[in-house]
Amino acid sequence: MPILSDLRSLTSPQRNAVVASFLGWTLDAFDFFILVFVMKYVAEEFGTDIARVTIALTLTLAMRPLGALIFGYAADRFGRRPTLMVNILLYSALEFASGFAPTLTVLIILRALYGIAMGGEWGVGASLTMETIPPKTRGLVSGLLQAGYPAGYLLASLAFFLLFPLVGWRGMFMIGALPALVVFYVRSNIDESPIFLARRRNPDRSALWRTLRRHAGLTIYTILLMTAFNFFSHGTQDLYPTFLEVQQKFSTTTVGTIAVVYNLGAIFGGITLGLLSERIGRRRAIVLAALFAIPVIPLWVYSSGPLMLALGAFLMQFAVQGAWGIIPAHLNELSPDEIRGTFPGFTYQLGNLLASANATLQAGLAERYNGDYAFALATVVGVVAIAVALLAGFGVEAKGVEFGKTRDESRNGDRGWLERDPVVSP
């Protein structure tokens, strides 16, 4: 099989980099989704309502761009490997500390700080991996890395189901400190990015801001693309369980089962489309996934019965996370070499911040139309799917670019890559 052949072609250090980055993102998502499952119990202990507890989620998302900037800059300055270790230790420590929060205010502050750490992991891990593996394997590995997010959601679901009755909500946060063990793996098995080591011979401390100004058009385009992408994912995830509970009146068990089904769809979609993008190109694969989501909408929210809705949810997340499975490779290929530790994560998290109003937007639409969550979900996702297809289809691509090379050295025969001059350090 081509997939197994490509994976076998990786050297031991390359495979270790993939494993470490996948685990880092999986366990980061695991820590994030723990709060989603225990909000009700947190509210009960602190004598408040769930709406106030959701402030912790909002601040986690809002602080992620800051984390992407801080840790991305550190990765470009000091290296991907040590930065990734510090990042994992920090989000694990903050997760553990959350279990001891004496008040809701303290918990909210800890979750805001956690958001900084969460915002840094994706970009640093993705740049370390993409700069380490051969260009021909980027599509497959990109899908594998992005599959870590729904895999983390699944782990959080299983942990909540199996362990919450034994340890309570505070114990759940303490279990969330386990990702710190990944640091020992990174320290023992991961080599520094060869691209970073090559660039370290000519360090340039002003490269970040000067390069962002030089590539202002690329930066703005990427932020817009990632805003549409984050609306695409949050628009299909944030209120879908509410739709199942409130409008469909399904039990918690049924909703949880459907969640498992659509997360499996997300994992399969990310790997499948990431691999496909290696054959047909990043833009075409994204457009294909986005357009596939549109005819799935009626099955996803307007079909009857849990079986058909589960099928619709599986297909929807196959499409949504299928498009997302291309993003780690796509953003790293578009990124200027000198700021690859910063650029992918920072633009991704800025897009996430700009799309953070999604839940409020969809909830407002549902309330306006007499609690019709199906209409709110379908409307937003239909518009956003078209936006993703247009931005990707008429955007730029750098598939196959050789990192660390100038434009002429890295030109990819039939497709080429983004026309930009290398930034030369003074």
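The structure is a predicted model, in which local features need pLDDT of at least 70 and side-chain atom pairs count only at pLDDT 80 or more, while totals for chains, interfaces and linings use all residues. Residues are numbered from 1 along each chain as its sequence is written, and side-chain values use heavy atoms, with hydrogens and water left out. The protein chain holds 20 helices and zero strands. Helices (H or I, at least four residues) and strands (E, at least two) are DSSP runs numbered from the N terminus.

**Overall shape and surface**

- The radius of gyration of the protein chain is 21 Å, which agrees with the value near 22 Å that a compact globule of 426 residues would have. This radius is taken over C-alpha atoms, and the globule rule is 2.2 Å times the number of residues to the power 0.38.
- The C-alpha trace spans about 60 × 45 × 40 Å along its principal axes.
- Of the 426 residues, 57% count as buried. Buried means under 20% relative accessible area, exposed means over 50%, and partly exposed lies in between (1.4 Å probe, protein chains only).
- The accessible surface of the protein chain comes to about 17,200 Å², with 67% of it belonging to carbon and sulfur atoms. Accessible areas come from the Shrake-Rupley method with a 1.4 Å probe, and for residues only the protein chains shown count as cover.
- Among contacts between residues at least 6 apart in sequence, 82% join residues at least 24 apart. Contact means heavy atoms within 4.5 Å.
- There are 33 positive and 28 negative side chains, and the centres of the two sets lie 4 Å apart. Lys and Arg count as positive and Asp and Glu as negative, with His and the chain ends not counted. Each charge is placed at NZ of Lys, CZ of Arg, CG of Asp or CD of Glu.

**Nonpolar cores**

- The largest nonpolar core has 103 residues, of which Phe-229, Phe-232, Tyr-240, Phe-243, Trp-300 and Val-301 touch the most other members. Helix 2 (residues 12-45) gives the most to this core, with 13 residues. Another core, of 16 residues, lies apart from it and includes Ile-195, Leu-334, Ile-339 and Phe-343.
- A nonpolar core is a set of buried Ala, Val, Leu, Ile, Met, Phe, Trp, Tyr and Cys residues joined through side-chain atoms within 4.5 Å.
- In soluble globular proteins, nonpolar side chains tend to be buried together.
- Leaving aside neighbours within four places in sequence, Val-301 is in contact with Tyr-240, Phe-243, Gln-248, Leu-309, Ala-374, Leu-377 and Ala-378.

**Residues in helices**

- Leu-35 is found in helix 2 and is buried, at 0% relative accessibility. Beyond four places in sequence, Leu-35 touches Val-53, Ala-56, Leu-57, Arg-111 and Phe-173.
- Phe-160 belongs to helix 7 (residues 148-175). Not counting residues up to four places away, Phe-160 touches Phe-37, Val-38, Tyr-41, Pro-165 and Met-172. Phe-160 and Pro-295 are 135 residues apart in sequence and 34 Å apart, C-alpha to C-alpha.
- Arg-282 lies in helix 14 (residues 282-302) and counts as buried at 0% relative accessibility. Its contacts, with neighbours within four places left aside, are Arg-138, Gly-139, Ser-277, Ile-326, Ala-329, His-330, Glu-333, Glu-397 and Lys-399.
- Met-316 sits in helix 15 (residues 306-324) and is likewise buried, at 0% relative accessibility. Residues touched by Met-316, apart from those up to four places away, are Thr-236, Ala-293, Val-296, Ile-297, Trp-300 and Val-381. From Met-316 to Pro-295, 21 residues apart along the chain, the C-alpha separation is 9.5 Å.

**Residues in loops**

- Lys-249 is in the loop between helix 12 (240-247) and helix 13 (252-280). Although not a glycine, Lys-249 has a positive phi of about 60°; this residue is exposed, with a relative accessible area of 68%.
- Asn-370 lies in the loop between helix 18 (358-368) and helix 19 (373-393). Asn-370 has a positive phi, near 55°, in a residue other than glycine, and counts as exposed at 76% relative accessibility.
- Glu-402 is found in the loop between helix 19 and helix 20 (407-410) and counts as partly exposed at 35% relative accessibility. The C-alpha atoms of Glu-402 and Glu-131 are separated by 9.1 Å, although the two are 271 residues apart along the chain.
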